[in-house]
Amino acid sequence: MLPQRYSDSMDFSFTPEQEQVRDLARRFCETEIAPLVRDAEEHERFPRHVFKKWGDLGLLGVRYPAEDGGAGMDKVSDCLIREEMSAVSQGFASAWSAHSHLGIWPIWKAGTPEQKASHFRPALAGDKIAAFALSEPDVGSNIRALATRAEKIAGGYRITGSKLYITNAPIADFLLVAARTRPELSADAISLFIVDVPRDGVEIHSLEKEGIRASETGLIHFTDVFVPDAGLLGGIEGTYPVILESLSENRVGVAANALGMARAALEAAVRFARERQVNGRTVGSYQAIAHKLADMAADIEAARWLVYYGAWRVDQGTLDMPTGAKVKLVASETAVRVSEAALRIHGGAGVMREYPVGRIHRDALVYTIVEGTSEIQRNIIARGLDL
Ligand SMILES: Cc1cc2nc3c(=O)[nH]c(=O)nc-3n(C[C@H](O)[C@H](O)[C@H](O)COP(=O)(O)OP(=O)(O)OC[C@H]3O[C@@H](n4cnc5c(N)ncnc54)[C@H](O)[C@@H]3O)c2cc1C
């Protein structure tokens, strides 16, 4: 028997409410999303009507308080939903995350009552689709080098610049665009603007991808785009702290996405190892394969504890940057390792579209890049070590 203090410190279980929301998300994803995945992946087209279904179920407002129209759930619940979504399709989960977190969290946090009424509330209902446009052709990891310009003119701003790899851009009703109002200010004086699309001067090109193909990704050019004063979010001096806070919390969220992919890859590999016969034996009966599966299961368990610990820290208001970075790094790299192992266990079947593991592996690789690459997570963790 462990001393009381150890068992106390390791005591962890989901509440009945959290389990209920996980089960709801699982049922919804398995019945409503799974049948759509193959077609969305093949054509790289996201079925827009899914946003309305998510909205009707309250799945777009998981993290927002009830008084603002949300479901008022905690980060643990948010991560449980993400895990379930990603276990079925990371493409769908990415569209959800770019909308329900990145595209609207800053509006909830720093928006005026009018902005909340015109954009946040309709987005929660799934009536308007959001995209978050931060990255640029020359700005990805180095966001303080942001070049998009929002020049003050009578009655509003004139936006000029380009944004690259923007999830949901081709299907969005509005973009949350990061731009500099005054280049003479410090590098982190970055503002956010709500830009309704289509709009004069905004060109959106769809990009073809190898991963998360069910989500749509765009390159956006802004040429002298007029945005009224009412489109500025927060102050003219910038909303950088809001952007950082949003990205930091979302790191734990995307780690839960990675966990979902890893779990789906393990489940597929176990199914295959039980069924596939070689030399009159199932491949799972070979110790080399069984050990690989055991390592995958152990890796996932470690990532799961870290992800839900990170979510719990968000709920306690104690998540620091290095912890968020560790959670994201471990979970996303686990998803890559586990999905690669799952693919190998499948042999030739692993690269056939009939099986999900090839898709999961491609999708998992994307998650070592988005929301800060693994190198950037290591930089953040190393800074915390005071080297
Ligand atoms: C499918 C997809 C969807 C995306 N969706 C969105 C979205 O909705 N909104 C949005 O704004 N952005 C989005 N992004 C952009 C994403 O956030 C960036 O791709 C990511 O931050 C990396 O930037 P980059 O591609 O410019 O790589 P770079 O910054 O050019 O990095 C190239 C390489 O150099 C390494 N590197 C860079 N700097 C350092 C450093 N200081 N130390 C060590 N190594 C370094 C990187 O780790 C990487 O290996 C998306 C990207 C993809 C692929």
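Axes here are lines fitted to C-alpha atoms, for helices over the stretch in contact, and the angles between N-to-C directions run from 0 to 180 degrees. The structure is a predicted model, in which local features need pLDDT of at least 70 and side-chain atom pairs count only at pLDDT 80 or more, while totals for chains, interfaces and linings use all residues. Residues are numbered from 1 along each chain as its sequence is written.

**Exercise 1.** Describe how helix H4 packs against helix H5.

Solution. Helices (H or I, at least four residues) and strands (E, at least two) are DSSP runs, numbered from the N terminus. Helix H4 covers residues 75–88 and helix H5 residues 90–103, and the two pack at an angle of about 140 degrees with their axes 6 Å apart. H4 is therefore oblique to H5, given that angles under 35 degrees count as roughly parallel, over 145 as roughly antiparallel, 65 to 115 as roughly perpendicular and the rest as oblique. On the H4 side the contact is made by Arg-82, Met-85, Ser-86 and Val-88, and on the H5 side by Gln-90, Phe-92, Ala-93 and Trp-96, where contact asks that the C-beta atoms of two residues, placed from the backbone, lie within 7 Å.

**Exercise 2.** State which domains the protein chain has, and how domain 2 meets domain 3.

Solution. The assignment gives domain 1 (13–125), domain 2 (130–238) and domain 3 (241–383), with bounds that come from an automatic or database domain assignment. Taken over C-alpha atoms, the centres of domain 2 and domain 3 are separated by 31 Å. Seven residues from domain 2 and eight residues from domain 3 form the contact.

**Exercise 3.** Work out which residues and elements surround the ligand.

Solution. The ligand is surrounded by 21 residues, of which the closest are Leu-134, Gly-140, Ser-141, Thr-373 and Glu-375; a residue is near a molecule if its C-beta atom, placed from the backbone, lies within 6 Å of it. Strand S1 (130–133), strand S3 (156–167) and helix H12 (374–383) each give two or more residues to this shell. At least three residues of the shell come from each of domain 2 and domain 3.

**Exercise 4.** Locate Pro-198 and Glu-44, and describe the backbone at each.

Solution. Glu-44 belongs to the loop between helix H2 (16–43) and helix H3 (49–57), and phi of Glu-44 is near 50 degrees, a positive value in a residue other than glycine.
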